[in-house]
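The points follow individual helices, strands, residues and the ligand site in turn.

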Amino acid sequence: MDEFELLLDLHKGANRQGPGGDSETEKAIGLAGIDRNASLKIADIGCGTGASTLTLARLLNANITAVDFLQDFIDALANRAHSNGVDEKITPLCASMEQLPFEEEEFDVIWSEGAIYNIGFEKGVADWKRYLKPSGMLIASEITWLTSSRPSELQDHWNNEYPEIDTASAKIKILESSGYTPIGYFVLPEHCWLDNYYEPMRKSFDAFLSRNGNSEEARAIVEAERHEIELYKKYKAYFSYGVYIAKKLNE
Ligand code: SAH
């Protein structure tokens, strides 16, 4: 297996592929003022194995198109939708967030947790706007600096990983200049990282290593994930995911 296949193998059995939480998804629904009884069309972009998709399906009267470019994640999501009894509300779709097969103004809501960085926040919010109905809502979580300055080890790490990382005020400014009205913002709390994402991942390391013959490549992946976990624990005062809620302007 190459590195990509190993990463897929590590993550595809997980409930989520990034920090988040069911109650935080529900909180964002509340802040966005989404009517739980209205019949809605939602796109969940970069859905992974569907943590947020399943919560949206459970709480809303919606049809959710769940998009990811990895077929293995889409298959896992489809199985979970079936076993949760919500498959009628979910349309799984294997597609790239850079080339979405959507119609203009097709959706009431665009949802994206821990994924918009793959296209870049600024490009994502600009590109995806066309798929939202007038006054449609965008809800996206994005890695965010919590302070105006930070230690150089951390700054260097993120400059390398994702140079678009910035403060909430900078992200909100991007929303304003991209044709949205910012409606709400909150920071994902620590349990979204540690209890919901890193701890289940850490518990899966032994099985992952033994299923992959304890190979050097598999060990390198575990080491890289452990390093990321340590970096989070050391510097969690300085960064988290911000959840951004914005309404499309009627231009
Ligand atoms: N929303 C999920 C997954 C977050 S991880 C959760 O919160 O658990 C980011 C996801 O984006 C992964 O599932 C990855 O496969 C997907 N992704 C990355 N690049 C993509 C692209 N270009 N198009 C579609 N999905 C992409």
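**Notes on the predicted model**

1. Helix H1 spans residues 3–11, and its buried residues are Leu-6, Leu-8, Asp-9, Leu-10 and His-11. The model under discussion is a predicted one. At the start of H1, the backbone nitrogen of Phe-4 has a side-chain oxygen of Asp-2 within 3.2 Å.

2. Strand E8 comprises residues 239–248, and nine of these ten residues are buried, so the strand is largely enclosed by the rest of the structure. Strand E5 (residues 132–145) pairs with E8 in the antiparallel sense, over nine bridges. Within E8, Ser-240 stands opposite Thr-144. Strand E7 (residues 180–187) also pairs with E8 in the antiparallel sense, here over seven bridges. Gly-242 in E8 is the bridge partner of Val-187.

3. Asp-44 belongs to strand E1, which covers residues 40–45. Although Asp-44 is buried, it forms no salt bridge. The nearest side chain of opposite charge is that of Arg-16, at a distance of 9.1 Å, whereas a salt bridge requires a separation within 4 Å. Beyond its neighbours within four places in sequence, Asp-44 is in contact with residues including Ser-52, Thr-53, Leu-56, Trp-111 and Ser-112. Ile-64, Thr-65, Ala-66 and Val-67 are also among the contacts of Asp-44.

4. Which residues come nearest to the ligand? Of the 17 residues around the ligand, these are Gln-17, Gly-46, Asp-68, Met-97 and Glu-113. A polar backbone atom of Gly-46 is 2.8 Å from a nitrogen atom of the ligand. For Met-97, a backbone N or O atom likewise lies 2.8 Å from a ligand nitrogen atom. Asp-68 contributes a polar side-chain atom, which lies 2.6 Å from an oxygen atom of the ligand.

5. Thr-147 is located in the loop between E5 and helix H6 (152–161). Is Thr-147 buried, exposed or partly exposed? The relative accessible area of Thr-147 is 28%, so this residue counts as partly exposed, given that buried means under 20% and exposed over 50%. The side chain of Thr-147 reaches the backbone oxygen of Ser-149 at 2.7 Å. Thr-147 and Asp-166 are 19 residues apart along the chain, with their C-alpha atoms separated by 9.5 Å. Leaving aside neighbours within four places in sequence, Thr-147 is in contact with Thr-167, Ala-237 and Tyr-238.

Note on methods:
Residues are numbered from 1 along each chain as its sequence is written. This is a predicted model: local features need pLDDT of at least 70, side-chain atom pairs count only at pLDDT 80 or more; totals for chains, interfaces and linings use all residues. Side-chain values use heavy atoms; hydrogens and water are left out. Helices (H or I, at least four residues) and strands (E, at least two) are DSSP runs, numbered from the N terminus. Buried means under 20% relative accessible area, exposed over 50%, partly exposed in between (1.4 Å probe, protein chains only). Lys and Arg count as positive and Asp and Glu as negative; His and the chain ends are not counted. Contact means heavy atoms within 4.5 Å. Two strands pair if DSSP finds at least two bridges between them. A residue is near a molecule or strand if one of its heavy atoms lies within 4 Å of it. A polar contact is a pair of N or O atoms within 3.5 Å; within protein, one must be able to donate a hydrogen and the other to accept it, and residues adjacent in sequence count only if both atoms are side-chain atoms.
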